[in-house]
Amino acid sequence: MPGPERATGTLFRVGVGLPLAIALWSAWTLAPPGALFRLGDLLPHFAAFAYLTVALRLAWPALGHVSAVLWMCLLGAAIELLQAAGGKRVADWRDFAADLAGIAAGLAIHRLVGARVRRLVDRLVTAWLG
């Protein structure tokens with residue numbers, strides 16, 4: 001059985017990987033789920049990138065803020081470039097702007113509560129694993 005530290009890291013990495021896979025699927029499908037886009041597509045972009053930025057910082061704390069921003073910017077740019085190249089979806093600079101705003105919000109959220117969230121999850125995992 002893995003130690004609590006390793007289990008916490010794994011839990012946080014799943015918290016990045018699964019939502020990232022869902023976001024990528026949504027970005028590259030011909031018709032993304034309609035319920036997500038009733039209010040427009042900027043809010044889902046913002047929310048996804050805010051969440052993924054916080055999750056990335058929690059999953060890999062040694063990564064640092066600058067590296068996290070670079071990785072997330074690359075992800076947003078890659079999604080828009082692939083949508084533009086694919087011909088099935090339309091790339092939009094406003095989507096990328098919403099991604100950037102989400103990244104900024106995610107960093108702010110992580111700075112405010114990231115350490116507390118990590119300590120709480122560490123305690124819960126330690127209590128669960130014994």
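Of the 130 residues in the protein chain, 32% count as buried. The model shown in every view is predicted.

**View 1. The protein chain holds four helices and zero strands.** Read from the N terminus, its elements run α-α-α-α. Among contacts in the protein chain with a separation of 6 or more, 73% join residues 24 or more positions apart.

**View 2. Helix H2 covers residues 42–59.** Its 18 residues should span 26 Å at 1.5 Å a residue, and the end C-alpha atoms are 25 Å apart, so the two values agree. Several residues of H2 are buried, including His45, Phe49, Ala50 and Leu52. The buried residues of H2 also include Thr53, Val54, Ala55, Leu56, Arg57, Leu58 and Ala59. In general, an α-helix has 3.6 residues a turn, so residues three or four places apart point the same way.

**View 3. Helix H2 packs with helix H3 (residues 65–86) at an angle of about 145°.** The axes of H2 and H3 are 10 Å apart. Their crossing is right-handed. On the H2 side, the contact is made by His45, Phe49, Leu52, Thr53, Leu56 and Arg57. On the H3 side, the residues are His65, Ala68, Trp71, Met72, Leu75, Gly76, Ile79 and Glu80. Sorted by type, the residues of the contact of H2 with H3 are eight nonpolar, four polar and two charged.

**View 4. Helix H2 also meets helix H4 (residues 93–129), and their axes cross at roughly 40°.** The axes of H2 and H4 come within 6 Å. Here too, H2 passes H4 in a right-handed crossing. The residues of the contact of H2 with H4 comprise 14 nonpolar, six polar and five charged. Two packed helices are described by the angle between their axes and the distance between the axes.

**View 5. Helix H4 bends by about 60° at Val113.**

**View 6. Gly114 is found in helix H4.** Gly114 has a relative accessible area of 3%, under the 20% limit, and therefore counts as buried. Leaving out residues up to four places away in sequence, Gly114 touches Leu58 and Ile109. Gly114 and Ala55 are 59 residues apart in sequence, yet 9.1 Å apart in space, C-alpha to C-alpha. Ala55 and Leu58 are both among the buried residues of H2.

**View 7. Asp99 lies in helix H4.** Is Asp99 buried or exposed? Asp99 is buried, because its relative accessible area is 0%. Not counting residues up to four places away in sequence, Asp99 touches His45, Phe49 and Gly76. His45 and Phe49 belong to H2, and Gly76 belongs to H3; these residues also take part in the contact between those two helices.

**View 8. Arg118 lies in helix H4.** At 19% relative accessibility, Arg118 is under the 20% limit, so this residue counts as buried. Which residues does Arg118 contact, leaving aside its neighbours within four places in sequence? Arg118 is in contact with Thr8, Phe12, Leu58, Ala59 and Pro61. Thr8 and Arg118 are 110 residues apart in sequence, but 8.3 Å apart in space, C-alpha to C-alpha. Leu58 and Ala59 are among the buried residues of H2.

**View 9. Thr126 is found in helix H4.** The C-alpha atoms of Thr126 and Thr8 are separated by 8.6 Å, and the two residues are 118 residues apart along the chain.

Terms used. Residues numbered from 1 in each chain as written. Predicted model: local features only at pLDDT ≥ 70, side-chain atom pairs only at ≥ 80, totals over all residues. Heavy atoms only, no water. Axes fitted to C-alpha atoms, helices over the stretch in contact; angles between N-to-C directions. Left-handed = near helix turned anticlockwise from the far one by under 90°. Nonpolar A, V, L, I, M, F, W, Y, C, P; charged D, E, K, R; others polar. Bend = angle between axes of the 7 residues up to and from the residue. Buried < 20%, exposed > 50% of the residue type's maximum accessible area, 1.4 Å probe, protein only. Contact = heavy atoms within 4.5 Å. Expected span 1.5 Å × (residues − 1).
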